[in-house]
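The following note concerns the salt bridges and the strand pairing of the structure shown here. Please read the points alongside the model.

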Amino acid sequence: ALYRIENLPGRGQVKQCRCTFYQHADIGGVIPTSLVNRILPEALGVVQQAIDEFRQDDKIDEVDRAELATFMREKHEDQEYSEEELAILERGAGFFKDVKENPNLSHLQS
């Protein structure tokens, strides 16, 4: 088995890499499918363990959300809206205000 590990550009403070797993087997004959189906998941189990150990999806998603929020804040002032878009934004803001001020609704912890 051979592992190839490459550094990738980081996302904010989150470091990333790509790991490629190469495996070659030459057993010189016909292999029963049932044997391959039993042995292969065991051989690839180490790959899944590495994925689980180094998974950083939540951190990367957090960086992406922060970048998007910053972009939206910075570009908001330059944005030009049509009359229809302004009406939709107005309705959305009114709906949010109504929900927030509704005494019959309570905040749910998730």
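1. Arg55 and Asp57 form a salt bridge, with 3.5 Å between the closest N and O atoms; the term denotes a side-chain nitrogen of Lys or Arg within 4 Å of a carboxyl oxygen of Asp or Glu. Arg55 also forms a salt bridge with Asp52, at 3.3 Å between the closest N and O atoms.

2. This is a predicted model, in which local features need pLDDT of at least 70 and side-chain atom pairs count only at pLDDT 80 or more, while totals for chains, interfaces and linings use all residues. Residues are numbered from 1 along each chain as its sequence is written, and side-chain values use heavy atoms, with hydrogens and water left out.

3. Arg55 is partly exposed at 46% relative accessibility, where buried means under 20% relative accessible area, exposed over 50%, and partly exposed in between (1.4 Å probe, protein chains only). Asp52, at 45%, and Asp57, at 42%, are partly exposed as well.

4. Strands β1 (residues 2–11) and β2 (residues 14–22) run antiparallel and are joined by eight bridges. Strands are DSSP runs (E, at least two residues), numbered from the N terminus, and two of them pair if DSSP finds at least two bridges between them. Two residues separate β1 from β2 in this hairpin, and Gly12 in the turn has a positive phi of about 65°.

5. A salt bridge joins the side chains of Glu6 and Arg18 (3.8 Å, N to O). Glu6 belongs to strand β1 and Arg18 to strand β2, so the pair ties together parts that are 12 residues apart in sequence. Arg4, Glu6 and Arg18 are linked in a network of salt bridges.

Technical notes. Helices (H or I, at least four residues) and strands (E, at least two) are DSSP runs, numbered from the N terminus.
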